[in-house]
Amino acid sequence: MNQERLNEIEKPLLHIIKHDVVPALGCTEPISLALASATAAKYLGKTPKRIEAKVSPNLMKNGLGVAVPGTGMVGLPIAAAIGALGGNPDGGLEVLKHITPEQVSAAKMMLEQKLVSVDIHQTEHILYSESTLFADNDYVKVAIQDQHTNVILIEKNGEILFQKVEDECTNCDPYEVFKQISAREIFEFSNVIELEKILFIRQAEELNRALSDEGLRENYGLHIGRTLRKQVGSGLISDDLLSKIMIETTAASDARMGGATLPAMSNSGSGNQGIAATMPVVVVADYLQVSEEKRIRALFLSHLIAIYIHSKLPKLSALCAVTTASMGSCAGIAYLLTGKFETASMGICSMIGDISGIICDGAANSCAMKVSTSVASGYKSVLMAMDETHVTGNEGIVEHDLDRTIDNLCAIASKSMQHIDRQVIEIMVSKPCP
């Protein structure tokens, strides 16, 4: 990559990755509602007596069955309540970082007294959360839209205190640079950018490794990581690098989805995507004992490829985006093992030929299963590529060019899979309460 091209793409790519790779405590969809409640509480100025929340169908899907950190409960109602009573309105995706047991007890009491409602709001915006807090004769309504922390409206007693004004840049595509860049250039860019400019990516390893350690220490969710590690001891699965990748990555997802009060380093608005883009690379880097520079460049490449692919998808969709995040770590592992773009390209094409049909049926403990499946596919695909074999352009939606293959996958998710999404939501909201 020549210096002129490097200078052209460096600033937008660094801006994107710093915006999309950030700490998040808990599943980001209920956290978005908690943030709306916390912001409303700030402007209400008193303890709310009742909460009415509304969310988009996709946010409802991703919030119905997931644990809310620090509460011991799942679902959007507890997220709305604890956000209102204990959330930090300036905390972003870590809005619930400092909640207390007393605040959790008060939030649960609101639920028991049926003072919290969460309904679906039919909107063209895939990501939308709205919380209205009532106390005495006052109310405050806060709406978040398109991004998990993007507050667009603050209204108190009928008066608009804040409303995000649309201007010519409101609909600007923050990922515009990806329309003029290829996966190969991203791979090359990750190799040549000054190391000092990407040292921040090490925090992804620090946060997500801590989650992995926590998931292996205690039983969270389906405790898949701990179960797999146990079966290594029994001899039912091998103590090899593939097993280590699955165990350490899945354990982080177990902890996150099971309500651990530790932040994940997210990717594209998702903690699980951040975990899938981080932990496989970390495990392989540990195994190979690579240099610090190579480790950092592999992590940076993984996260940037994951964002590149996800930018072609709806913010929330019927395609499980852990699969696309794992394509990022596939590239990172390929870089560690061979340093060749061709290995990464063949690996990602094989993954698309393998796991492109995994649907998102809402955030839940079972997400860790999808994490396990996806990262295993990524590692196996790299091994195939190292042996000069991969799913070729003669098969299915895979083409002979990686970028066109990615576009095919994302077109399916953006168009035909919308019908799947509607049916999944319909099934989920119609299920009887346990």
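Modeller: Before we look at any residue, take contact to mean heavy atoms within 4.5 Å. The model is predicted, with local features requiring pLDDT of at least 70 and side-chain atom pairs counting only at pLDDT 80 or more, while totals for chains, interfaces and linings use all residues. Residues are numbered from 1 along each chain as its sequence is written, and side-chain values use heavy atoms, with hydrogens and water left out.

Biologist: Which residues does Glu130 contact, leaving aside its neighbours within four places in sequence?

Modeller: They are Leu33, Glu52, Ala53, Lys54, Lys141, Val142 and Ala143. The C-alpha atoms of Glu130 and Ala143 lie 4.2 Å apart, although 13 residues separate the two in sequence. Glu130 itself belongs to strand 6, where strands (E, at least two residues) and helices (H or I, at least four) are DSSP runs numbered from the N terminus.

Biologist: Why does Glu130 count as buried?

Modeller: Buried means under 20% relative accessible area, exposed means over 50%, and partly exposed lies in between, using a 1.4 Å probe and protein chains only. Glu130 counts as buried because its relative accessibility is 9%. Its side chain also makes a polar contact of 2.6 Å with the side chain of Tyr128; such a contact is a pair of N or O atoms within 3.5 Å, and within protein one must be able to donate a hydrogen and the other to accept it, with residues adjacent in sequence counting only if both atoms are side-chain atoms.

Biologist: How many residues of strand 6 are buried, and which of them point one way from the strand?

Modeller: Eight of its eight residues are buried. Tyr128, Glu130, Thr132 and Phe134 point one way, whereas Ser129, Ser131, Leu133 and Ala135 point the other way. Strand 2, in turn, has a covered face made of Ile51, Ala53 and Val55 and an uncovered face made of Arg50, Glu52 and Lys54.

Biologist: In what order do the six strands of the open sheet lie?

Modeller: Two strands pair if DSSP finds at least two bridges between them. Here the order is 5-2-6-7-8-9, with mixed pairing, and the edges are strand 5 (116-120) and strand 9 (159-163), each pairing on one side only. Strand 2 pairs with strand 5 in the parallel sense over five bridges, and Glu52 has Ser117 as its bridge partner in strand 5. Strand 2 (residues 50-55) and strand 6 (residues 128-135) are antiparallel and joined by six bridges; among the residues placed across from one another are Val55 and Ser129, as well as Ile51 and Leu133, while Lys54 is bridged to Glu130.

Biologist: What joins strand 6 to strand 7?

Modeller: Eight bridges do, and the two strands run antiparallel, with Ser131 opposite Val142. They form a hairpin with two residues between them, and Asp136 in the turn has a positive phi of about 55°.

Biologist: How are two packed helices described?

Modeller: Two packed helices are described by the angle between their axes and the distance between the axes. The axes are lines fitted to C-alpha atoms, for helices over the stretch in contact, and angles run from 0 to 180 degrees between N-to-C directions. Helix 9 (residues 241-257) packs with helix 10 (residues 271-288) at about 145°, the axes being 9 Å apart. By class, this contact has 11 nonpolar, four polar and three charged residues, where Ala, Val, Leu, Ile, Met, Phe, Trp, Tyr, Cys and Pro count as nonpolar, Asp, Glu, Lys and Arg as charged, and the others, Gly among them, as polar.
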